[in-house]
Amino acid sequence: MTGLGLYAGAALAGGLATGPGVLLVARAVQGIGGALVFPTTLALINTTFTEGLMRNRALGIWGGSGAAGLVIGVLLGGLLTQAFGWEAVFLVNVFLAVPASLLAFVLIPSDGRSEKGRKFDLPGALSVTLGVTLIILALVQGPRWGWLSPGIVISAVLGLLLIGAFALIERRSQDPLMPPRLLSNRNLVTGVVIAFMFMATFGSVLYFLSIYFQEVLRYDALKTGIGFLVPTAVVVAGSTVAGHCVTRFGLRSTLASALAIGAVGAVALGVAVSPSGSYAELVPGLVALSIGDGVVFTTMFIAAATGIPDREQGIASGVASTGSGVGAAVGLAGLVLVATAGLDDQAGEQLRIATANGISNALYFVGGGIVLTLLVALTRGPSTPETVPAPVPQLARRC
C-alpha cells in the first residue's frame, strides 16, 4: 500500500511538473514506490502458493500479466503522447494505481503480527545503494569526463569499497539486509545472477529498438508503440507458459532452451538492423528474442524462490529484484557506450547511418551476453526439487 501510494503521488507530481528538477524528483519517488511494489507482489505469490506445480502456474500468470501490461503500455503510451503530450504518460498511472490500492484492501488478507525485535539494516542499505550508484556513475560519465579523470577514478574506487563494506556489514549485522546464509541456496544465487544478466541484455533491447524506430526508421510515437505489439505479445505468451514448462521439463532445461532461442534472436536482430532496413526484416529476430525474454523472466524468479522458507520469501524477492534492477542500469550503461561510439562528429544522414550501425553492434553484444548467461545456466543451473508430470486426461486414465 505504501508503494502504490508513493507511485500514484509521484505520477501526479510528474504529470504536473513544469521543469526538469521536479520531474527528476518525481521519477525518483516513482522508483521507490515501484521498488516496494514489485518484490512484494512476487513475495505474495510465493507465500500464497505451495512450491511446485501451483506456484509455477501462478508465477506464469504473474509474469504474463506484467508482459500484458507492457503491451498495453507501449500502445497506450504512443496514443497518449501523440494526443495529449508526454505529461499524459504520468497522469494515467494515477488512474491505475488508485484502483489497485482499493482492490488490495479487498483481495489481499490483512498482515499478521510483525516479529518483535527486528531492525532495519540501514548501514547495509546505504552502503550497497551508494556503491552501486557510484559504479554506474563511473560507467555512464566515463566517456564524457575521461576514464582516468579524478571524478571517474574516485567514483569507481569508492563504489567498490562500499560494496566491500556492504559484505562486511551483512556478516556482522543481527538483521542483515541480505542474510549470508541465503547465499548457500544455489537456486537463489543462480536466480539473482541470471536476473542481473537478463536485465543487462534482454532488458536493454527495448531502449535500442525505440531509438531505431524513431531515429532511423523515422516512426512517430504512435507507430513506435504499434511496432512493439508483436514482440510484447510474444513475451506475454512466453511468460504465461513458462511455469508449465518448468513443471514439465525442469528449471535448468527450460532456462537453457529459452536462453539459446533468445541468443539466436538477438544476433538475428543485429543482422536485420540497418539504415535501409524494414520492420518485416526485424520480425524473425523479434519473435525469437521475445520467446526467450518471456520464458526466462518467469523462470528466473521461480528459481530464486525455490527452497526458500516463507519467512524469507520477502528477502529473497527483494534480492532478486535488486539484482535485476542493478543489471538493467549497468547493462544499459555499457551497451550505450557501444552503440554511441563514434557518433560525436556525425550529423544528418551520416548520424542516422551511424546510429543504426551502433545499435546493430549493441545487439551483437546482447547476444554475447545471453550466451554467457546460458553458460551460467548450464554450469550452475538451478535444480527443480520435484518435476511434476503433465496430468493425464480423465478419459485416458479410465481406459
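## Basis and confidence

Residues are numbered from 1 along each chain as its sequence is written. In this predicted model, local features need pLDDT of at least 70 and side-chain atom pairs pLDDT 80 or more, while totals for chains, interfaces and linings use all residues, and side-chain values use heavy atoms, without hydrogens and water.

The average pLDDT (the predictor's confidence in each residue, from 0 to 100) is 84, and 94% of the residues score at least 70. Residues 386-399 fall below 50. Where pLDDT is low, the predicted coordinates should not be read in detail.

## Helices 9 and 10

Helices here are DSSP runs (H or I, at least four residues), numbered from the N terminus. Helix 9 (residues 229-249) packs against helix 10 (residues 251-272) at about 130°, with axes 7 Å apart; axes are lines fitted to C-alpha atoms over the stretch in contact, and angles run from 0 to 180 degrees between N-to-C directions.

Contact (heavy atoms within 4.5 Å) involves C245, V246 and F249 of helix 9 with L251, S253 and T254 of helix 10.

## Aromatic rings

Rings of Phe, Tyr and Trp (its six-membered ring) pair if their centres lie within 6.5 Å; planes under 30 degrees apart count as stacked, over 60 as edge-to-face and the rest as tilted. This gives 13 aromatic pairs. In one of them, F198 and F297 have ring centres 6.1 Å apart and planes at 50°, so the pair is tilted. F198 lies in helix 7 (residues 186-216) and F297 in helix 11 (residues 279-305), 99 residues apart.

Notes: Helices (H or I, at least four residues) and strands (E, at least two) are DSSP runs, numbered from the N terminus.
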